[in-house]
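Thanks for coming. I will show one model and go through its chains, one topic at a time.

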Amino acid sequence: MAQTYFNEMYHNGRAREPYQQLENWTQAMPAEFRSLKQAEAEALFRRIGITFAVYGEGGDPDRLIPFDMFPRVFSNAEWTRLERGIKQRARALNAFLVDVYGRGEIVRTGRIPGRLVYQNEAYEKAVVGFVPPRGVYSHIVGIDLVRTGPDDFFVLEDNCRTPSGVSYMLENREIMMRMFPTLFRENRIQPVDSYPTILRRTLASVAPAKCTGEPTVVVLTPGHFNSAYYEHSFLSDMMGVELVEGQDLFVEGEFVYMRTTEGPKKVDVIYRRIDDAFIDPLCFRPDSMLGIPGLMDVYRSGGVSICSAPGAGVADDKAIYTYVPEMIRFYLGEEPILHNVQTWQCGKADDLKYVLENLGELVVKEVHGSGGYGMLVGPKSTKAQIEAFAERIKANPGNYIAQPTLALSTVPTFVNEGVAPRHVDLRPYCLVGERIELVPGGLTRVALTDGSLVVNSSQGGGVKDTWVLAG
Amino acid sequence: MLSRTADNLYWIARYMERAETMARLLEVGARISLLPSTGEGFQSEWDSLLQASGTAEGFAKKYGDPVQRNIESYIFFDRDNPSSIASCIGGARENARIVRGALTTQVWDAINTAFQEMRALERRARSELDLTMLTEWTMRHSALLRGAIDGTQLRKDGWDFLNLGYYVERADNTARLLDVKYYVLLPSVEFVGSGLDNMQWTILLRAMSAHRAFHWAYGGEVTARKIAHFLILNSQSPRALLTSVEGVNAHLDRLARGYGRTTGAQAQARALLAELAELTVEEVLQEGLHEFLTRFIREVAKLGAEVHEAYLSGDQR
């Protein structure tokens, strides 16, 4: 199937406005200089120690995510619209969470099937009836966006739990500024380095009722073997707060404390980077070595805040995703600014029939899957792969959703032969606390293989610096 | 700070100091092997190195007979040997990675660069790598890290835990190096005071980068008595037991002042310092150097346990 893709830089034979400066930049760059810079970038990343370990793949635990030096650029007008759409979505998702752990109006009024909410694995019965400070469940909302035309943006999925990758957004920028200072003088690029400060302010703004005075914030990590450990440590460092593991925290009376060299110190806000299931073995998983026994009791009695709040995952489930536009209309009384991708739910008989008949043209994903695993990209698969996948769908249809294969936009990317278009997506990070804030930028992931539409770093994807130009 | 963070900092320092000691041991071995052979019934000097570093058993299991080349590899590169230089640098880097936020960029850089270069060394053919180059490489990186710590780390509790790690490890390591010489290297008591004996003492001094310092401090003949004094009781000597214990005390005192709280660690450190401060070489030799060192190593281990209990375990309420 021949498809034309929207090239974000070259459209109708000319460089689009936000990319105009970059045209001279690449044309003036000799090949030797480019490989020199690429090597310099890699050395910098290695020295900083940003690496990414992929679960279950073994091999080099110090693998780098490939960094492409060609930036991805948004004009101020493009960004303004995206920003409004993202904030709108973050507001609706949080309103939904407060609702479904409370009266459940959206279910009662028949807008979302109760089964999808209350029987969802991510629905946390332990927090029913509890409203977290400021009514915020998801404090960091990562919204994955793709683009198919000059004005066509689609939301691919929402990440309401603990979206990762923001450290790449920040480090990519640092490295670009260090390597190409001239570019930053010639283009008016909005800075992103306030992210850690805003994150800390957001977290402090949701301190629990029992906290008096300046709240103590910590980042909770599963530990240094986790693939995102670098990011946990980076964020805690940039915010100037402690990075703790489960073993560093304990519950006594109505509060949570961390073990310090000076004795116990009370903790007020926990930015957790571990899954719900591992938060508290008394409440969730008795076999968990990672959790803090008794934490949930303290949480529910207002002794500590947990960000994102336990139970937030029900909002970013791929089966719930379909209903987000409905949430926006229901809670905010607004029309969605950003659109969903058309989605077929294999759990529905009609949809299943359509999906099985058109597998060759669809992308099929597991409802609870992530990281680009367990998915089928129809147009890029062999007949045998498609048939095998069809069997898996039939065995458990409710576990799969399907979407059309989107014509993901491309951005020029440095490849061995020079510069060539490669497909990209975008993940901005929206912060929700006392205020809703978004730094102008995000993580652009790029599929480095020619023609590939899978941008996940675990599947050969790379990253780019993402610029938003000042107005 | 978090107890676990303090623990990581402490172990970064212990691992790096240990790596340096291993490099020094390798240098002792290389020099001793250049001496004329000492005759029958005497295990090779290289074997005694393994004994000294506490890695003899692991080595025997893996390689059998002590062959110089294998020993070099085992002490430098072998990840199966938890005390090898590669393992120590790997351990230091892993601990540093966990507490990146508590380290300055320069300190992290020093550790990470050592680790990355180590990996590059591991990929090279062993035949291209000369032993002296490897030991000097180790000491250079150890010095770079030390310098980065002294030059850039904030003088907060974290700095104290790094230094505690260095001094506790150094106290232990110097005692062990001394013990090797006296107990393991020399084939039998008849050799005490012989030419061989003195030559080995000189090598030991060299390995501690202290032979010139020694001559400045004492002059004349190298004797067991003088060296014992230099490495045990002379607080001018940077690796002496007394200096190390003084260092431990200084940093524990800073912690006690900063936290407004004294613990069992300070008590144990002070008791050890009090003993060393009053001790004479005669008393050490009377007790028997080996016996004294064995007891000292035990006391240092106890001190380490007290530090762990008071600050690193997080059990203090």
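I start with a term: two residues are in contact if their C-beta atoms, placed from the backbone, lie within 7 Å. By that rule, and leaving aside neighbours within four places in sequence, Ile12(B) is in contact with Ala92(B), Asn95(B), Ala96(B), Ile111(B), Leu162(B) and Gly165(B).

Some housekeeping. This is a predicted model, in which local features need pLDDT of at least 70 and side-chain atom pairs count only at pLDDT 80 or more, while totals for chains, interfaces and linings use all residues. Residues are numbered from 1 along each chain as its sequence is written, and chains are lettered from A and ligands numbered from 1 in the order in which they are written.

Back to Ile12(B). Helix α1 of chain B holds this residue; helices (H or I, at least four residues) and strands (E, at least two) are DSSP runs, numbered from the N terminus. Is Ile12(B) buried or exposed? Ile12(B) is buried, because 28 other C-beta atoms lie within 10 Å. The cut-offs are 20 or more other C-beta atoms within 10 Å of its own for a buried residue, 12 or fewer for an exposed one, and partly exposed in between, with C-beta atoms placed from the backbone.

Next, the core. A nonpolar core is a set of buried Ala, Val, Leu, Ile, Met, Phe, Trp, Tyr and Cys residues joined through C-beta atoms within 7 Å. The largest one has 214 residues, and Ile12(B) and Ile111(B) touch the most other members. Helix α1 of chain B, residues 3–32, gives this core its largest share, 16 residues. If residues up to four places away in sequence are not counted, Ile111(B) touches Ile12(B), Ala92(B), Arg93(B), Ala96(B) and Leu145(B).

Now chain A. It has 14 helices and 23 strands. Its C-alpha atoms fill a box of roughly 65 × 55 × 45 Å along the principal axes. Among contacts in chain A with a separation of 6 or more, 70% come from residues 24 or more positions apart.

Then some strand pairings in chain A. Two strands pair if DSSP finds at least two bridges between them. Strands β4(A), residues 140–149, and β5(A), residues 152–159, pair in the antiparallel sense over seven bridges. A hairpin of two residues joins β4(A) to β5(A), and Gly149(A) has Asp152(A) as its bridge partner in β5(A). β5(A) also pairs with β13(A), residues 339–340, in the parallel sense over two bridges. There, Val155(A) stands opposite Asn340(A).

An open sheet of three strands runs in the order β8-β9-β10 in chain A, with antiparallel pairing. β8 (249–252) and β10 (263–267) of chain A are the edge strands, each pairing on one side only. Strand β9(A), residues 255–260, has five antiparallel bridges to β10(A), and Val256(A) has Val267(A) as its partner there.

A few backbone points. Most residues other than glycine have a negative phi, and most peptide bonds are trans. Which peptide bond is cis, with omega near -10°? That bond runs from Cys307(A) to Ser308(A), and Ser308(A) lies in the loop between β12 (305–307) and α11 (318–321) of chain A.

Asn12(A) has a positive phi of about 50° although it is not a glycine. Asn12(A) sits in the loop between β1 (10–11) and β2 (14–15) of chain A and is exposed, with 6 other C-beta atoms within 10 Å. Arg134(A), also not a glycine, has a positive phi of about 60°. Arg134(A) is in the loop between α5 (114–118) and β4 of chain A and counts as partly exposed, because it has 16 C-beta neighbours inside 10 Å.

Last, confidence. pLDDT is the predictor's confidence in each residue, from 0 to 100. Chain A has a mean pLDDT of 90, and 94% of its residues reach 70 or more. Over residues 53–59 of chain A, pLDDT stays under 50, and the model has six contacts beyond four places in sequence for them. Where pLDDT is low, the predicted coordinates should not be read in detail.
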